[in-house]
Amino acid sequence: MTLRAILYDARGVDREVDLREEPSPDLDRDRLLWLDLDDRDVEDLARASAAIGLEPEGLRRLSREDRRARILRLPKSVVLTLGAVDPDDADARRHELDIVVGANHVITVHEGPLAAIDAFRAEIGHEDQLGRLDAAAFVAGLIDAVFAAFFQQIESIEQDIDALDELALRARSEDSFLTRVLTLRRRIARL
């Protein structure tokens, strides 16, 4: 699936929207539209941009991937680019995540599946009042999921370092330098 559109309604009638049949869903303070694109297909980007009235400069920004964190302020929206990682990726590869935030809408654009998006979708799946959220609050939850994936990746790295530290200490138990480095590193980790 390339483009997924979900209209969250505070009245509890959340639904998926087909932008081909309903190109511009009605939005108000009790409705929030989330458009999630898992690639940068030109037609899907154009359809998503038209649904919310995204400025041409915003569409150009979403159309390219440049591997840099940045922010683009537009008259009706903000385009935020973040780096994201999947917590189970042993290589900790960076994925670009573009987020468009407007009054009653959010667009997310990324290449392929992204664990943070999947985790966020699962977390909000049981909520029935998402339509009451403004886009900024919705995006705060989404960014929290991105940070959580980073922290899971960091925790995994720390566990690997701990295992290496223990191995180094057993191999060279007479070396007080390694003991001191291990102690200092653990203090930093606790902080």
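Author: In helix α1, which spans residues 42–52, the buried residues are Asp44, Leu45, Ala48, Ser49, Ala51 and Ile52. Their directions span an arc of only 160 degrees around the axis, so they lie on the same side of α1; the arc is taken from the directions that lead from the helix axis to the C-beta atoms. Buried here means under 20% relative accessible area and exposed over 50%, with partly exposed in between, using a 1.4 Å probe and protein chains only. Helices (H or I, at least four residues) and strands (E, at least two) are DSSP runs numbered from the N terminus.

The model is predicted: local features need pLDDT of at least 70, side-chain atom pairs count only at pLDDT 80 or more, and totals for chains, interfaces and linings use all residues. Residues are numbered from 1 along each chain as its sequence is written, and side-chain values use heavy atoms, with hydrogens and water left out.

On the face of α1 turned away from the buried side are the exposed residues Val42, Glu43 and Ala50. The buried residues of α1 pack against β1 (3–9), β3 (31–37), α2 (56–63), β6 (95–101) and β7 (105–110), where contact means heavy atoms within 4.5 Å. At the start of the helix, a side-chain oxygen of Asp41 comes within 3.2 Å of the backbone nitrogen of Glu43. Such a polar contact is a pair of N or O atoms within 3.5 Å; within protein, one must be able to donate a hydrogen and the other to accept it, and residues adjacent in sequence count only if both atoms are side-chain atoms. After α1 comes Gly53, with a positive phi near 75 degrees.

Arg47 is partly exposed at 21% relative accessibility, whereas Asp44 is buried at 8%.

Among the strands that α1 packs against is β7. Six of the six residues of β7 are buried, so the strand is largely enclosed by the rest of the structure. His105, Ile107 and Val109 lie on one side of β7, and Val106, Thr108 and His110 on the other. Strands β3 and β7 run parallel and are joined by five bridges, a pairing that requires DSSP to find at least two bridges between two strands. Leu35 stands opposite Ile107 of β7. Strands β6 and β7 pair antiparallel over five bridges and form a hairpin with three residues between them. Here Asp98 has Val109 of β7 as its bridge partner.

Asp98 also forms a salt bridge with Arg61, the closest N and O atoms being 3.4 Å apart. Asp98 lies in β6 and Arg61 in α2, so this pair ties together parts that are 37 residues apart in sequence. Both ends are buried, Asp98 with a relative accessible area of 0% and Arg61 with 3%. Salt bridges with shared partners join Arg40, Arg61, Glu96, Asp98 and Glu111 into one network.

Arg31 belongs to β3 and Asp9 to β1, so the pair ties together parts 22 residues apart in sequence. Both residues are buried.

Technical notes
Salt bridge = Lys/Arg side-chain N within 4 Å of Asp/Glu carboxyl O.
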